[in-house]
Amino acid sequence: SMLFFTSDLHFGSDDTVKFDNRPFRNAKHFAKQTIKIFNKMMTKEDTLYVIGDFADCHSQTDRKCIEVLSLVKKIKAKVVLILGNNEERIIKYFFDGNFDKFKDYCLSIGFASVKENDTINICNTTFFLTHKPKHHNGEMLNLFGHSHKALGLYKPFGFNIGCDLNNYRPYSEKDIQTLLDKKSKYWDKDENLK
């Protein structure tokens, strides 16, 4: 079984599709095509880490974000959700600010796990998984999202695995190894990237 990583899907948000200039007609089209990509790449033995903003939530009155979480059922792989700022809003607005209540709901609709952050080993390297780059762990490399394309792929503290930077394909462990190789061979040595 393999691990895969993505973030900032913002399922349900027509605004994100427009704002990020995603090549899809609308949020529905984006979700359909993206999940098709996921299911081509992954089996039910695999695990997909979504490092924040699976759903999009900006309003206390719009429960669409809760419905959108059910898209997890269409994804073949096991999905581990790391909280993004949109999930934090969902917890605040719809789950009385209670993380465990939100987590139980997510598990009941098909998520494999929900965590605030996580530490895992990929390609013999320890990574901290956190949505916001500013919350990165200084002791190790990080996989993060949140900035969409704005911060680019590489920072000395880790990699932005946002879906916008990888043609909406999750990063596989092999992709992470490629990034690690580029980091050590080129990016860390390039004074212009400091």
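These notebook entries follow the aromatic rings through a predicted model.

I noted first that residues are numbered from 1 along each chain as its sequence is written. Local features need pLDDT of at least 70 and side-chain atom pairs count only at pLDDT 80 or more, while totals for chains, interfaces and linings use all residues, and side-chain values use heavy atoms, with hydrogens and water left out.

I looked up the aromatic pairs and found 14 in the structure, where rings of Phe, Tyr and Trp (its six-membered ring) pair if their centres lie within 6.5 Å, and planes under 30 degrees apart count as stacked, over 60 as edge-to-face and the rest as tilted.

I then took Phe11 and Phe54, whose ring centres are 5.1 Å apart with planes at 85 degrees, so this pair is edge-to-face. Phe11 lies in the loop between strand 1 (3-6) and helix 1 (14-19), and Phe54 in the loop between strand 2 (47-51) and helix 3 (64-69), so the pair ties together parts 43 residues apart in sequence; helices (H or I, at least four residues) and strands (E, at least two) are DSSP runs, numbered from the N terminus.

I checked burial next: Phe11 counts as buried at 0% relative accessibility, and Phe54 is buried with a relative accessible area of 0%, buried meaning under 20% relative accessible area (1.4 Å probe, protein chains only).

I turned to Phe144 and Phe157, a tilted pair at 5.3 Å centre to centre with 45 degrees between the planes, and both of these residues are buried.

Finally, I saw that ring pairs link Phe11, Phe24, Phe30, Phe54, Phe111 and Tyr168 into a cluster.

Terms used. Buried < 20%, exposed > 50% of the residue type's maximum accessible area, 1.4 Å probe, protein only.
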